[in-house]
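This report describes the architecture of a protein model, from its strands and helices to selected side-chain contacts. The sequence and the structure are shown first.

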Amino acid sequence: MATPNLIVLYVMDPPASVEFYRKLLAKEPTAAFPTFSSFEVQDGFVLGLWAREKVQPQPIGDGARAEVAFMVKGEEAVRARYEEWRAMGLPIAQELTRMDFGPTFVALDPDGHRLRVCLYDE
């Protein structure tokens, strides 16, 4: 069985995106090329950043049709991440709120990709 282990975001300015995620994740990229870089997030799961104009085949359409979710333990951890990301100046697309699945909020990266923080079920 194939196990997904890589999410790739198409970005306009790879160096700016690398710097953004370097700060956000507090780690260095595991691969760094002029048009593609990646960060191992946890246990072999990788976040890739690919220069949009170099993607083949070229993507169709624009807009936020997906999210990268950062699932944390406990409501206080959601609140703490919200305060941390606001202090870092990340644009907040959805303020801290409670939904069916618990407390959550959505921030945006430099390309407008949605970054959701929410609880994971322990």
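The model is predicted, so local features are reported only at pLDDT of at least 70 and side-chain atom pairs only at pLDDT 80 or more, whereas totals for chains, interfaces and linings use all residues. Residues are numbered from 1 along each chain as its sequence is written, and side-chain values use heavy atoms, with hydrogens and water left out.

## Overall architecture

The protein contains 2 helices and 8 strands; helices (H or I, at least four residues) and strands (E, at least two) are DSSP runs, numbered from the N terminus. Along the sequence these elements follow the pattern β-α-β-β-β-β-α-β-β-β. The radius of gyration is 15 Å, close to the 14 Å that the globule rule gives for 122 residues, so the protein is as compact as a globular protein of that length. The radius is taken over C-alpha atoms, and the rule is 2.2 Å times the number of residues to the power 0.38. Along the principal axes, the C-alpha atoms fill a box of roughly 40 × 35 × 30 Å.

Of the 122 residues, 31% are buried; buried means under 20% relative accessible area, exposed over 50%, and partly exposed in between (1.4 Å probe, protein chains only). The accessible surface comes to about 7,700 Å², and carbon and sulfur atoms account for 54% of this surface. Such areas come from the Shrake-Rupley method with a 1.4 Å probe; for residues, only the protein chains shown count as cover. Among contacts (heavy atoms within 4.5 Å) between residues at least 6 apart in sequence, 47% join residues at least 24 apart.

Two strands are taken to pair if DSSP finds at least two bridges between them. Strand 1 and strand 4 are parallel and share 6 bridges. Within this pairing, Y10 stands opposite W50 in strand 4.

T35 is placed in the loop between strand 2 and strand 3 and is partly exposed, with a relative accessible area of 29%. Not counting residues up to four places away in sequence, T35 touches L49, W50, A51 and K54. The C-alpha atoms of T35 and D13 are separated by 8.9 Å, although the two residues are 22 residues apart along the chain.

## The sheet with the order 5-8-7-6

A further open sheet is formed by 4 strands in the order 5-8-7-6, again with mixed pairing. Strand 5 and strand 6 stand at its edges with a single partner strand each, so one side of each is left without a neighbour in the sheet. Direction ignored, neighbouring strands are turned by 15° against each other on average.

Strand 6 (residues 92-99) and strand 7 (residues 102-108) run antiparallel and are joined by 5 bridges. A hairpin connects the two strands through 2 residues, and P103 in strand 7 is the bridge partner of R98. Strand 7 is also joined to strand 8 (residues 114-119) by 5 bridges, and this pairing is antiparallel. Here F105 stands opposite V117 in strand 8.

## Aromatic pairs

The structure holds 6 aromatic pairs. Rings of Phe, Tyr and Trp (its six-membered ring) pair if their centres lie within 6.5 Å; planes under 30 degrees apart count as stacked, over 60 as edge-to-face and the rest as tilted. Two of these pairs are tabulated.

| Pair | Centre to centre | Angle between planes | Arrangement |
|---|---|---|---|
| Y10 and W50 | 6.3 Å | 70° | edge-to-face |
| F70 and W85 | 5.4 Å | 90° | edge-to-face |

F70 lies in strand 5 (residues 67-72) and W85 in helix 2 (residues 75-87), so their pair ties together parts that are 15 residues apart in sequence. F70 counts as buried at 13% relative accessibility, and W85 is buried with a relative accessible area of 1%. Ring pairs link F70, Y82, W85 and F105 into a cluster.

Key:
Axes fitted to C-alpha atoms, helices over the stretch in contact; angles between N-to-C directions.
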